[in-house]
Amino acid sequence: MTARELDAAGITDPALRRAYLHCRRLNARHGKTYFLATRLLPGHRRPAVHALYGFARWADDIVDSHGHDLDAARRAAALASLSDSLRHGLSTRRSAEPVVHALADTAHRYGIDPRHFYDFMTSMHDDLTVTDYPTYEDLRRYMHGSAAVIGLQMLPVLGATVPRAEAEPYAAALGVAFQLTNFLRDVGEDLDRGRVYVPADLLHAHGVDREQLRWSRDTGRRNPRITRALKAFEALTRDVYRQAVPGIALLDPVSRPCIRTAFVLYSGILDAVAEDGYSVLHRRAVVPRRRRAVVALDGLARIARARIGHRCAPAPAASAALRSAAPVRQGAA
């Protein structure tokens with residue numbers, strides 16, 4: 001985040017600027033796909049996105065920073081402390097914790113419902129004790145807090161051309177689609193952390209259980225039943241993407257290139273998983289840099305068109321006259 005972006009966002013307090021810069025570093029280090037897409041937003045909106053991501057990343061790191069059961073109490077205490085800091089920060093707009101300080105400022109600036117942050121923390125606490133999900137509905141309840149609310153937090157920052165409530169279901173679905181993609185990509189790594197996010201009933205439908213996943217992970221050997229189960233999870237994930245895609249056209253035109261780029265890059269992870277033969281128990285699938293660059297360039301071209309369109313838009317009175325004289329057409333995302 002440059003000083004220009006902070007200035008454009010009206011962030012002048014030195015401590016607050018440092019907090020936002022801290023969040024940006026977290027985004028750049030851990031969320032390469034997300035960070036690349038964020039670069040396509042107007043400069044004054046980027047600090048808020050970094051704040052939202054930085055807080056989520058910080059909480060997630062607490063959950064995953066220790067790999068042994070003996071550390072569970074320490075992780076729970078750290079999450080509880082973060083929850084306390086969150087409540088205090090949202091009420092005062094200040095915190096000694098940089099990620100909370102930036103988050104609280106963003107929540108106030110954009111009128112983000114505090115409930116979304118509390119629901120997120122509930123799911124983070126669940127990760128300390130819940131190690132698998134019997135059904136997809138069980139997983140969806142968890143993902144409301146861990147993923148859907150991320151989309152709901154982002155929506156006020158991105159802006160929409162319709163009332164916020166109309167765009168919210170699509171924003172929530174996109175958050176879920178992104179997380180399902182991560183779950184598929186990270187099956188092996190999550191198993192090492194003691195968690196299986198692929199629902200047990202989906203695994204059982206293909207003759208697979210947790211022990212077989214562990215066997216494949218440990219031996220490096222393949223099993224066609226596991227591959228079929230992972231393909232089914234991929235199909236489920238792609239269906240959620242299809243549910244989310246109409247929402248891109250509802251966003252502020254200058255925000256659409258960012259979210260479309262994230263959409264293409266994240267769904268591209270699914271393509272990479274398939275191209276690698278669903279070997280996610282043995283290695284992480286990666287979208288090639290060349291493909292990422294092509295998608296980013298397309299995003300830049302869309303931004304240029306959106307900004308030209310914004311500058312050329314008629315004045316409000318003329319725009320209203322045009323709407324009354326011609327049928328409305330939904331713009332392409």
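These legends accompany close-up views of a predicted model.

View 1. The chain holds 16 helices and 0 strands. It has 333 residues, and 49% of them count as buried. Take the contacts between residues at least 6 apart in sequence: 72% of these join residues at least 24 apart.

View 2. The largest nonpolar core contains 94 residues. Phe55, Leu139, Met143 and Leu180 touch the most other members. Helix α8, residues 136-158, gives the most to this core, with 12 residues. Which residues does Leu139 touch, leaving aside those up to four places away in sequence? They are Tyr133, Leu180, Phe183, Tyr197, Pro199 and Phe233.

**View 3. Helices α9 and α14 pack side by side.** A helix pair is described by the angle between the axes and the distance between them. Helix α9 spans residues 164-185, and helix α14 spans residues 256-275. Their axes lie 10 Å apart, at an angle of about 30°. That angle makes α9 roughly parallel to α14. The crossing of the two helices is left-handed. From α9 come Leu174, Phe178, Thr181, Asn182, Leu184 and Arg185. They meet Ile259, Ala262, Phe263, Tyr266, Ile269, Leu270 and Val273 of α14. By class, this contact of α9 with α14 has 10 nonpolar, 2 polar and 1 charged residues.

**View 4. Val264 on helix α14.** Val264 lies in helix α14. Its relative accessible area is 33%, so Val264 is partly exposed. Along the chain, Val264 and Ala37 are 227 residues apart. Their C-alpha atoms are separated by 10.0 Å.

View 5. Helix α4 covers residues 46-64, and helix α6 covers residues 98-110. The two pack at about 135°, with axes 8 Å apart. The crossing of α4 and α6 is left-handed. On the α4 side the contact uses Ala48, Ala51, Leu52, Gly54, Phe55 and Trp58. On the α6 side it uses Val99, Val100, Ala102, Leu103, Thr106 and Tyr110. The residues of this contact divide into 10 nonpolar, 2 polar and no charged. Phe55 of α4 is also one of the residues that touch the most other members of the largest nonpolar core.

View 6. The axes of α7 and α8 cross at roughly 150° and come within 7 Å. The crossing is left-handed. Helix α7 contributes His116, Phe117, Asp119, Phe120, Ser123, Met124 and Asp126. Helix α8 contributes Tyr142, His144, Gly145, Ser146, Val149, Ile150, Leu152 and Gln153. The contact of α7 with α8 has 7 nonpolar, 6 polar and 2 charged residues. His116 sits in helix α7, residues 114-126. Is His116 buried or exposed? At 8% relative accessibility, His116 counts as buried. Leaving out residues up to four places away in sequence, His116 touches Val149, Leu152 and Gln153.

**View 7. Glu189 and its arginine contacts.** Glu189 belongs to helix α10, residues 187-192. With a relative accessible area of 27%, Glu189 is partly exposed. Which residues does Glu189 touch, not counting those up to four places away in sequence? The answer is Arg217 and Arg284. Between Glu189 and Arg283 the C-alpha distance is 8.7 Å. In sequence, Glu189 and Arg283 are 94 residues apart.

**View 8. Two loop residues with positive phi.** Most residues other than glycine have a negative phi. Arg93 is not a glycine, yet its phi is positive, at about 65°. Arg93 is placed in the loop between α5 (72-92) and α6. Its relative accessibility is 32%, so Arg93 counts as partly exposed. Tyr278, also not a glycine, has a positive phi of about 60°. The loop between α14 and α15 (289-312) holds Tyr278. With a relative accessible area of 12%, Tyr278 is buried.

Definitions and conventions. Residues numbered from 1 in each chain as written. Predicted model: local features only at pLDDT ≥ 70, side-chain atom pairs only at ≥ 80, totals over all residues. Heavy atoms only, no water. Core = buried A, V, L, I, M, F, W, Y, C linked by side-chain atoms within 4.5 Å. Buried < 20%, exposed > 50% of the residue type's maximum accessible area, 1.4 Å probe, protein only. Helix = DSSP H or I, 4+ residues; strand = E, 2+ residues; numbered from the N terminus. Contact = heavy atoms within 4.5 Å. Axes fitted to C-alpha atoms, helices over the stretch in contact; angles between N-to-C directions. Parallel < 35°, antiparallel > 145°, perpendicular 65-115°, else oblique. Left-handed = near helix turned anticlockwise from the far one by under 90°. Nonpolar A, V, L, I, M, F, W, Y, C, P; charged D, E, K, R; others polar.
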